[in-house]
Amino acid sequence: MRRRALLQSLAAGLTLPGHMSMAQPTLYLPPEEASHAATLMMWPASRRVYRDATFLRMVQDTIAEVANTIAAFEPVYLLAHPDLHSVIRPQVSAGVTLWDIPTEDLWARDAGPLMAFQGDDLVVSHIAFNGWGGKQVHAKDGQIAARVAQRMGLPRVASGVVGEAGGLDHDGHGTLIAHESSWIIANRNPGLSRAEIEARLLAAYGADRMIWAPGLAGEDITDYHIDSLARFTGPGRVLINLPDDPDPRDPFHRAASDTHDILAAVGLDLTVIPEPNRRRVRHADFVASYANYYACNGAIIAAQFGDPDTDAIAAETLARHYPGREVIMLNVDNLGEIGGGIHCATQQIPA
């Protein structure tokens with residue numbers, strides 16, 4: 001408790017220019033597998049992001065499928081420019097509600113609002129989004145959290161950091177894991193030390209323990225988000241996605257091994273799911289992550305990649321870690337081709 005009080009005192013009084021005041025009362029972000037009121041998703045639309053119109057339609061089809069799958073278990077609010085609603089509506093089920101909030105891309109985990117409780121009140125614990133360090137246009141996506149907060153009538157509580165929620169994972173019981181490469185980097189948080197960033201993230205999540213691994217900067221747009229590698233499935237329990245035969249020349253394999261060893265060394269209970277060996281999409285930049293799943297009410301929505309052996313291992317492992325939930329595996333290769341997955345495309349609203 002003394003450490004948490006120290007973190008709150010560090011946060012007190014800090015401000016973002018022209019923005020909200022930092023949190024003083026304690027925030028609490030429930031684990032993803034806790035009950036949800038709904039799921040937020042975003043409709044990909046920008047031709048500056050998607051130069052190929054045919055591929056954009058394919059990605060939109062995938063987002064519609066993910067939204068419809070989740071909507072069988074809980075409401076989905078899909079954000080899109082109102083001019084696009086007439087096109088989207090026939091593609092989605094009655095459980096998907098369209099909100100008049102313009103978007104550029106689909107990554108609700110990163111651009112969407114992080115929602116936490118302040119006492120009994122739901123608030124937006126605001127992590128500022130700047131297009132992964134200015135790497136992508138985000139005139140609309142940079143305003144998503146503010147516009148959702150306004151629509152829902154929720155206050156925003158500034159975290160004092162720039163980044164993306166996909167860049168860390170939390171167990172809802174006080175522990176965060178993250179790659180330094182996504183946070184302690186000049187394109188997000190210039191001038192802030194690791195200690196300052198850590199204190200602000202702990203305050204934003206209502207946590208008291210941060211476990212850092214180095215990660216890998218400059219090799220992908222996210223600077224190696226941890227949610228495509230390692231995810232909490234319960235207090236102190238982590239699922240991690242690793243290759244059966246790591247290539248020592250591959251920087252991602254080396255970084256993933258480092259993360260595994262660090263998480264093991266601090267006493268977390270690790271379960272390894274092997275990466276697919278015979279996937280449908282073979283190119284090197286494809287993200288083939290079983291860890292990038294989404295836990296919604298009553299179900300786990302995860303990716304399958306066309307390798308019957310590892311797809312089956314992933315399904316069995318997720319069912320074991322989330323007993324009583326239906327495990328649904330989807331072909332979301334279109335998301336993997338642009339560097340993400342189902343978790344990246346969703347953001348929960350806690351109940």
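Q: Which residue of β5 stands opposite Y28?
A: This is a predicted model: local features need pLDDT of at least 70, side-chain atom pairs count only at pLDDT 80 or more, and totals for chains, interfaces and linings use all residues. Residues are numbered from 1 along each chain as its sequence is written, and side-chain values use heavy atoms, without hydrogens and water. Strands β1 (27-28) and β5 (115-118) pair in the antiparallel sense over 2 bridges. Opposite Y28 stands F117.

Q: Which residue in the hairpin of β5 and β6 takes a positive phi?
A: Strands are DSSP runs (E, at least two residues), numbered from the N terminus, and two of them pair if DSSP finds at least two bridges between them. β5 and β6 (121-128) pair in the antiparallel sense over 4 bridges, with A116 opposite V123. Their hairpin has 2 residues between the strands. The one with a positive phi, near 70 degrees, is G119.

Q: Which strands are the edges of the open sheet?
A: The sheet has 4 strands in the order β4-β3-β2-β17, with mixed pairing. Inside that order, β2 (36-42) pairs with β17 in the antiparallel sense over 4 bridges, and T39 stands opposite Q348. An edge strand here pairs on one side only.

Q: What angle does helix α2 make with β2?
A: Helices are DSSP runs too (H or I, at least four residues). Helix α2 (53-71) packs on the sheet, touching β2, β3 (76-80) and β4; contact means heavy atoms within 4.5 Å. Axes are lines fitted to C-alpha atoms, for helices over the stretch in contact, and angles run from 0 to 180 degrees between N-to-C directions. Between α2 and β2 the angle is about 175 degrees.

Q: How much space lies in the largest cavity?
A: Rolling a probe the size of a water molecule over the atoms shows where empty space is left. On a 1 Å grid over the protein atoms alone, a cavity is a set of points where a 1.4 Å probe fits but cannot get out. Grid points are joined across faces, edges and corners, and volume is the space filled by probe spheres set on them. The search finds 7 cavities of 30 Å³ or more, and the largest holds about 130 Å³.

Q: Which element gives the largest share of that cavity's lining?
A: Lining residues have an atom within 4 Å of a point. There are 17 in the largest cavity, with E32, R109, D169, H170 and H343 nearest its centre. Two elements give two or more residues: β11 (230-234) and β8 (168-170). The largest share, 3 residues, comes from β8.

Note on methods. On a 1 Å grid over the protein atoms alone, a cavity is a set of points where a 1.4 Å probe fits but cannot get out, and a pocket is an open set with protein on both sides within 12 Å along at least five of seven lines; lining residues have an atom within 4 Å of a point.
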